[in-house]
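Trainee: Could you go through this one with me? I'd like to start with the aromatic residues and then move on to the helices.

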Amino acid sequence: MSGTSLELPGTNGCCAEGNVVIGLVGGIAAGKSTVLQALRERGVGVLDCDKVGHTCYAPGEPCALKIAEVFGPVVLTSAKGIDRSELGKLVFGNPAKLKLLTDIVWPELYTRVQAEISVFRSKPNLRPEERIFCLEAAVLLEANMADLVDCIWIVQIPEEEACRRVMARNGLSEDAAMARVRSQGSNDHRLSLAQSTGKPVVVFDNRGSAEGLHREVEQQLNNLLAQLSTFVGRQDADEFDADC
């Protein structure tokens, strides 16, 4: 179990309001839920990108209308929203159709996530843990949303272990589980994409216990809080000098 020590660049990676947005990514069954639980226990706000994405499929939403236009009425529910199960059958394992879908959904998803993060960044007088916010987004890197975050946390396990976990959790055959794992890209590819953003990157190797991962998250969170304390203290001193 290891987490790379995070040093944020410039003014400690904080925006002018003195806060930090973490972008959390990882493959299926890698342990993202454990990381999120550890953050929530410390009072860190979390935004689930999947839940935001689901709003794009609601009846009457522009995305839902466009998806129905492209993929046909088979993907519609009785309420004229999108049946994600039926849609998944069409796009899973079909890169061309999947791209058609992401070209429709990802731009709108970006806009909605950006709005949520803007609300967080505008909040004044937050206590230390509330100055950190986590965007959990499996497609953060592929959907070009990395510019919305200040640093990237990756939680990963070897492909074989991910396959075993998916088999146990979802009751799938080995072939079906491995197909799920590989559909989300390799650990090396995910790391390469993260590094290409120029953002600070932390990698959590989650081959150990959930407790061990929890401790690693605590260490990284404490590191961020220490940097935030330094930045906010310097910012307050600058404001005091300006008032004198």
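Trainee: Tryptophan 153 and phenylalanine 204, are they buried or exposed?
Mentor: In this predicted model, tryptophan 153 is buried, and phenylalanine 204 is buried as well.

Trainee: And how many aromatic pairs are there?
Mentor: The count comes to two aromatic pairs. One of them joins phenylalanine 120 and phenylalanine 133, which are stacked, with 4.8 Å centre to centre and 20° between the planes.

Trainee: Which parts does that pair tie together?
Mentor: Phenylalanine 120 belongs to helix H5 and phenylalanine 133 to strand E3 (residues 132-136), so the pair links parts that are 13 residues apart in sequence. Both phenylalanine 120 and phenylalanine 133 are buried.

Trainee: What about tryptophan 153 with phenylalanine 204, how are they arranged?
Mentor: Tryptophan 153 and phenylalanine 204 form an edge-to-face pair, 5.2 Å centre to centre, with 65° between the planes. Because tryptophan 153 sits in strand E4 (residues 151-156) and phenylalanine 204 in strand E5 (residues 201-205), this pair ties together parts that are 51 residues apart in sequence.

Trainee: Switching to helices, what is the angle between H4 and H5?
Mentor: Helix H4 (residues 84-91) packs against helix H5 (residues 95-121) at an angle of about 135°, and their axes are 8 Å apart. That angle makes H4 oblique to H5.

Trainee: Which residues meet there?
Mentor: From H4, Leu87, Leu90 and Val91 meet Lys97, Leu98 and Leu101 of H5. Sorted by class, the contact of H4 with H5 has five nonpolar residues, one charged residue and no polar ones.

Key. Residues are numbered from 1 along each chain as its sequence is written. This is a predicted model: local features need pLDDT of at least 70, side-chain atom pairs count only at pLDDT 80 or more; totals for chains, interfaces and linings use all residues. Side-chain values use heavy atoms; hydrogens and water are left out. Axes are lines fitted to C-alpha atoms, for helices over the stretch in contact, and angles run from 0 to 180 degrees between N-to-C directions. Helices (H or I, at least four residues) and strands (E, at least two) are DSSP runs, numbered from the N terminus. Angles under 35 degrees count as roughly parallel, over 145 as roughly antiparallel, 65 to 115 as roughly perpendicular and the rest as oblique. Contact means heavy atoms within 4.5 Å. Ala, Val, Leu, Ile, Met, Phe, Trp, Tyr, Cys and Pro count as nonpolar, Asp, Glu, Lys and Arg as charged, and the others, Gly among them, as polar. Rings of Phe, Tyr and Trp (its six-membered ring) pair if their centres lie within 6.5 Å; planes under 30 degrees apart count as stacked, over 60 as edge-to-face and the rest as tilted. Buried means under 20% relative accessible area, exposed over 50%, partly exposed in between (1.4 Å probe, protein chains only).
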